[in-house]
Structure formats: C-alpha cells, structure tokens
Amino acid sequence: MYPENEIFRDGLDDLAGHYKEILTLLGEDPSREGLEKTPMRVAKAMQVLTRGYEMDAHQVLRDALFKEDYSQMVIVKDIDFFSLCEHHMLPFYGKVHVAYIPNGYITGLSKIARVVDIFSHRLQVQERMTLQIKECIQETLKPLGVMVVVEARHMCMQMRGVEKQNSITTTSDFCGAFNQAKTREEFMNLIHNR
C-alpha cells in the first residue's frame, strides 16, 4: 500500500499532465478551484491502482514457503479485490476464493491474498486474472491441484452500456486434483457454506 508520503513511480508528472488535458477535452476548466489538484490526484490514484505491475507474485509465495506434510484442501475464501477493466478502465470488484492441495509445501495464508492483490492491481479482464492467480500458485507451490473462483460486479456493465445493476460475473479455473468433479464440488460447497 502507498501511504500519503510514499514515493510514486516515474512518469507521475506526465500522467498528471495528460489528465489535465483530458479535463479540458471533456469541456472542463482544469484551473477552477475544484479541479486544480485533480490531475495529480488522479495520476497518484492510477499509480496505486496499477501497482501490481511492479510486484512479483511468485516471489511473494516463495518468501513464505514451508515444508509441511499436510495433504488436504487449503481454502482461502472471500478475498476482497478491486481492479480496473482494461476495456473501459472502470472498476470491477468482488471476491476471490482459492483452494490448493499441498504437495509437501504450504505458503502463508496471507500470501494467497497478496497474490490476488498483485494481479488485481493491473489493468485486467476477470478471465485472465482468474488464470494468472491459478498459474502463479501452481507454478510456485507445485501442489496436487489448485482452483480459483472469482465473483465480481463490473462497473462497465452497471454505469454504461447495458446498465445492469445486479449482474455478477463468475469465473473459475482449476488443475490437478480439481479436474475431478467430486473435488470441485467439495470446494464449491465449502465456499458457499456461510
């Protein structure tokens, strides 16, 4: 996370300059009191919302890798996330549910949430984000199987276009032991058991 005094990435001033030009193109006066600092605020916000580009999700998991003989399903559910769709740069947000079956190694539970954070803080599509989370866990932990389910609301569907307020998009990806319907069903029952 970026505290208020955090150093931002290169290009911040250029980004703010472009947002100032965008305000003008939208018919606004970027020098009026309410908008005077908006270009820099938006530039900083965009750098925070896309901070995942400079982070290595695989390394996050490797930094908390522990040898363990546990071989049953490990589930981290209801991981909140916010992302920006790459088509309209509008938010989509919701919950990610992750399960893996260890194969000699486990990782810190918070690291699963950090992996979600890293991939969601990039311009994304939900389908790709689901795949990236699964592949990262599979490649790094080499478990017996991984399954990821993402449930999200997309502001590009709510605010523009079809303007459907209550639609939820669900994506999933899985491999290994989760290729068995019984294992997938167990995971789905566990994540929806409130």
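Predicted model: local features only at pLDDT ≥ 70, side-chain atom pairs only at ≥ 80, totals over all residues.
Trainee: What is the phi of lysine 142?
Mentor: Most residues other than glycine have a negative phi. Lysine 142 is a residue other than glycine with a positive value. Its phi is near 50°.

Trainee: Which strand holds aspartate 78, and what is the phi of this residue?
Mentor: Aspartate 78 lies in strand β2, which covers residues 74–85. Aspartate 78 is not a glycine, yet its phi is positive. The answer is strand β2, with a phi near 60°.

Trainee: Why does aspartate 78 count as partly exposed?
Mentor: Buried means under 20% relative accessible area and exposed means over 50%, with partly exposed in between. Aspartate 78 falls in the middle class because its relative accessible area is 26%.

Trainee: Which residues are in contact with aspartate 80, leaving aside its neighbours within four places in sequence?
Mentor: Aspartate 80 is found in strand β2, and at 53% relative accessibility it counts as exposed. Aspartate 80 and histidine 97 are 17 residues apart in sequence, with their C-alpha atoms 9.3 Å apart in space. Once the neighbours within four places are set aside, the contacts of aspartate 80 are Gly94 and Lys95.

Trainee: How far apart are the end C-alpha atoms of helix α1?
Mentor: Helix α1 covers residues 12–25 and has 14 residues. At 1.5 Å a residue, this helix should span 20 Å. The model agrees with that expectation, because the end C-alpha atoms of α1 are 20 Å apart.

Trainee: Which residues of α1 are buried, and what arc do they cover around the axis?
Mentor: An α-helix has 3.6 residues a turn, so residues three or four places apart point the same way. The buried residues in α1 are Leu12, Ala16, Tyr19 and Leu23. They lie on the same side of α1, because they cover an arc of only 60°.

Trainee: Which exposed residues does α1 carry on the face turned away from its buried side?
Mentor: On the buried side of α1, the cover includes α2 (38–49). After α1 comes glycine 27, with a positive phi near 95°. The face of α1 turned away from its buried side carries the exposed residues Asp14 and Leu25.

Trainee: What distance separates the end C-alpha atoms of helix α4?
Mentor: Helix α4 covers residues 109–120 and has 12 residues. At 1.5 Å a residue, α4 should span 16 Å. The end C-alpha atoms of α4 agree with this, being 18 Å apart.

Trainee: Which elements are included in what covers the buried residues of α4?
Mentor: The buried residues of α4 are Ile112, Val115, Val116, Asp117, Ile118, Phe119 and Ser120. Their cover includes α3 (57–62), β2, β3, β4 (105–107), β5 (123–124) and α5.

Trainee: Is threonine 130 buried or exposed, and which residues are in contact with it beyond four places in sequence?
Mentor: Threonine 130 lies in helix α5. Its relative accessible area is 1%, so threonine 130 is buried. Leaving aside its neighbours within four places in sequence, threonine 130 is in contact with Val148, Val150, Thr171, Ser172 and Asp173.

Trainee: Which residues of α7 are buried, and which elements are included in their cover?
Mentor: Helix α7 (residues 181–192) reaches 16 Å from its first C-alpha to its last, close to the 16 Å expected for 12 residues. The buried residues of α7 are Thr183, Phe187 and Ile191. They lie on the same side of α7, because they cover an arc of only 65° around the axis. What covers them includes β2, β3 (91–101) and β6.

Trainee: What percentage of the residues in the protein chain is buried?
Mentor: The protein chain has seven helices and seven strands. Its C-alpha atoms fill a box of roughly 60 × 40 × 25 Å along the principal axes. Among the 194 residues of the protein chain, the buried share is 42%.

Notes. Residues numbered from 1 in each chain as written. Heavy atoms only, no water. Helix = DSSP H or I, 4+ residues; strand = E, 2+ residues; numbered from the N terminus. Buried < 20%, exposed > 50% of the residue type's maximum accessible area, 1.4 Å probe, protein only. Expected span 1.5 Å × (residues − 1). Arc of directions from axis to C-beta. Contact = heavy atoms within 4.5 Å.
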